[in-house]
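Subject: Structure handover

Hi,

Here is the structure for you to look at. Please open it and read the notes below alongside it.

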Amino acid sequence: MSRTPLTKGFTLVEVLVAIVVFAIIGLASAAVVNTMMRTNEQSAAARDALTQLQQAMYLVEQDMRQAVSRRTPRGDYYVRAGWFNPGNLLPRSELQAVRYFVNEDNELIREHFTYVDMAPSSEPTERVLLSGVESITIEPIERENERIAAAQFDPNAQGGQGQQPEPMAIPEGVEVVIETERWGTIERVFVLNGGDFVEPSP
């Protein structure tokens, strides 16, 4: 009688070792992929935050540099020129009443009215510029880094009885300081009206 040859296979121990090896490789690969995904998400979040900061500071700069000597019926609003109105097709001027403040959610808000001489019942338009903001201060400065008299740059100033308020003085420069959670203290100095103000050395 002929004997059937025995088929040689893997032992149970060899199979278990192979399973363990493949499991270790799989876990290591998953950890690497997970780390790469988290790094990519963090990079995207940092990039978005930086883009938001750049856009916010650009808009602040445009508002500051184009400030004009014009008061509004409501206090704490400054007027800027250069609000694009192509061919005067829109029923408004190129002036815009603007103010900045930080709300309860620690967001830097830019608020503006469509018309400088706004009606008492009109509502402003708000835009969130930056998150994680603790405070913002805007200080007018003259050459040699001296602050001008506050009353000269006060949008709330009123004239005496029967008198029109004096035109708001435009300083040569404005210092904007923004306290943020992510970026710390941001200080910028802007030259106004094409003055020759020189930014002070740090």
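Below is what was found in it, starting with the ground rules.

This is a predicted model: local features need pLDDT of at least 70, side-chain atom pairs count only at pLDDT 80 or more, and totals for chains, interfaces and linings use all residues. Residues are numbered from 1 along each chain as its sequence is written, and side-chain values use heavy atoms, with hydrogens and water left out.

**Overall layout**

The chain holds 1 helix and 8 strands. Both are DSSP runs numbered from the N terminus: helices are H or I with at least four residues, strands are E with at least two. From the N terminus, the order is α-β-β-β-β-β-β-β-β. Of the 202 residues in the chain, 28% are buried. Buried means under 20% relative accessible area, exposed means over 50%, and partly exposed is in between (1.4 Å probe, protein chains only).

**The N-terminal part**

The UniProt entry, which is unreviewed, annotates residues 12-33 as "transmembrane region". UniProt positions are given in the numbering used here, feature names are shortened, and annotations may be inferred rather than shown by experiment. In the model this span is 100% helix and 0% strand, and its end C-alpha atoms lie 32 Å apart.

Phe10, Leu12, Val15, Leu16 and Ile19 make a nonpolar surface patch of about 560 Å². Patch residues have over 30% relative accessible area and no salt bridge; like charges are joined within 9 Å, and nonpolar side chains (Val, Leu, Ile, Met, Phe, Trp, Tyr) within 5 Å. Areas come from the Shrake-Rupley method with a 1.4 Å probe; for residues, only the protein chains shown count as cover. Val15 lies in helix α1, residues 12-65. Val15 counts as partly exposed because its relative accessibility is 37%.

**Salt bridges**

The whole structure has 5 salt bridges. Each is a side-chain nitrogen of Lys or Arg within 4 Å of a carboxyl oxygen of Asp or Glu.

Asp63 takes part in two of the pairs described here. With Arg80, the closest N and O atoms are 2.7 Å apart. Asp63 is in helix α1 and Arg80 is in strand β1 (residues 78-80), so this pair ties together parts 17 residues apart in sequence. Asp63 counts as buried, at 4% relative accessibility. Arg80 is buried too, at 8%.

Asp63 also meets Arg110, at 2.8 Å from N to O. Arg110 sits in strand β3 (residues 107-113) and Asp63 in helix α1, so the pair ties together parts 47 residues apart in sequence. Both Arg110 and Asp63 are buried.

Arg99 pairs with Glu111, with the closest N and O atoms 2.7 Å apart. This links strand β2 (residues 96-102), which holds Arg99, to strand β3, which holds Glu111, 12 residues away. Arg99 is partly exposed at 22%, whereas Glu111 is buried at 4%.

Glu61, Arg65 and Arg188 are linked in a salt-bridge network.

**The sheet**

Four strands form an open antiparallel sheet in the order β1-β2-β3-β4. β1 and β4 (125-131) are at the edges with a single partner each, so one side of each has no neighbour in the sheet. Two strands pair if DSSP finds at least two bridges between them. β2 and β3 run antiparallel and are joined by 6 bridges. Val102 has Leu108 in β3 as its bridge partner.

Best wishes
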